[in-house]
Amino acid sequence: MKRSSGNLSFAAALLAAACAAFGAAPSSARPSAAAGESAPRPPADDRASATRPARAAMTIYAVQGAVGRDGAAGCRAPSDDSPAAPDVATPEGRSALAARLGGTDVVELGAIVAEFDAKPKRRDGFGVVAGRRIVFGLATKIGKDGARSAQLALQERTAARPLAVERLALEGRKPAWVVREVPGAAGTCVAVRLAMQDEDAPPTVATAGVVAPDDKDVVPPRLLEMTPPVYPRSLARELRDVKVGMAVVVDAEGRCRFGALEKTPPRNEDAAMAALDSAAAARFAPAAKNGRPVPMRWTIFVTYARD
């Protein structure tokens, strides 16, 4: 296999640095707290309930038609604090959320469940917005005082600078939003919503309009083509193989519009990025229900083996 390219290493290193240990955000980013300051702490009663592991749902959306009066991007984070997840299963629901985000239409690309614990955890993935792959890195942890916090990094795959590096504090059921314009795609934005889940919530999140893998009336997607992942330079001296599992959303055209690593390989950000690249380029025969192609949530695996 080919060795890792410089661009691969750069993108992987950028997300790794953005998520590592909740360090200070680069000056080019737009953090939610001023440099040197901590993100706001949740109320005392919320910190007390957060001393045990908890989970949050992260959902990524593509927003269209977000153009202001002067022609600039009109995307914005919703101003309300509703803890209820947006209902985008109907055209009316999509229009309502799009208006809140400053656009005319919105598509829910996919979602993951992120865990909070005393030991920092991380999830990496991507969503395709206007044909551009937006890579995300989400790091989560519970502080010694029980405060739940997260740091989110967003980057267009081939860009040299991040779209956002945001440190977020989750207060009770109040969701946190990060909304950014997608460079080179006029009036298009990527929006990310992060909200705590109830203790009895399922470990997965449904995506509007996307069939779940346990739907027995659906023929699942079938892999047709997957470009072998670039062999990461960081694995050159590894003595063991690395297997990476990914949750993906395969759309009705047989392309991955969303993907998230189930677990980021430790100290192998290059392996993570190469796996995401491989999934994004893969082609499938889409899932079918009653003979019609439908988008479906699915799981694929990429294995890095020594020659």
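A pocket, in the sense used here, is an open set of grid points where a 1.4 Å probe fits, with protein on both sides within 12 Å along at least five of seven lines. In this predicted model, the second largest pocket has a volume of about 350 Å³. Of the 22 residues that line this second largest pocket, Ala57, Thr59, Ala85, Arg193 and Val205 are the closest to its centre. Strand 1 (54-64) and strand 8 (189-196) each contribute at least two residues to the lining, which by class is made up of 14 nonpolar, three polar and five charged residues.

The largest nonpolar core has 33 residues, among which Met58, Phe116, Phe136, Leu152, Leu154, Val190 and Leu194 touch the most other members. At least two residues of this core come from each of several strands, including strand 2 (105-116), strand 4 (132-142), strand 5 (148-156) and strand 12 (256-261), while strand 1, with five residues, gives the most. Leaving aside residues up to four places away in sequence, Met58 touches Gly110, Ala111, Ile112, Phe136, Leu138, Leu152, Val192, Arg193 and Leu194. A second, separate core of 18 residues includes Cys256, Leu276, Ala280 and Phe284.

The confidence of the prediction should be kept in view throughout. The mean pLDDT of the chain is 78, and 73% of its residues reach 70 or more. Over residues 1-10, however, pLDDT stays under 50, and the model has 29 contacts beyond four places in sequence for this stretch; over residues 23-51 pLDDT likewise stays under 50, with 45 such contacts in the model.

Note on methods:
Residues numbered from 1 in each chain as written. Predicted model: local features only at pLDDT ≥ 70, side-chain atom pairs only at ≥ 80, totals over all residues. Heavy atoms only, no water. pLDDT = per-residue confidence, 0-100. Contact = heavy atoms within 4.5 Å. 1 Å grid on protein atoms, 1.4 Å probe; cavity = no way out; pocket = protein on both sides within 12 Å on 5 of 7 lines; lining within 4 Å. Points joined across faces, edges and corners; volume = space filled by probe spheres on them. Helix = DSSP H or I, 4+ residues; strand = E, 2+ residues; numbered from the N terminus. Nonpolar A, V, L, I, M, F, W, Y, C, P; charged D, E, K, R; others polar. Core = buried A, V, L, I, M, F, W, Y, C linked by side-chain atoms within 4.5 Å. Buried < 20%, exposed > 50% of the residue type's maximum accessible area, 1.4 Å probe, protein only.
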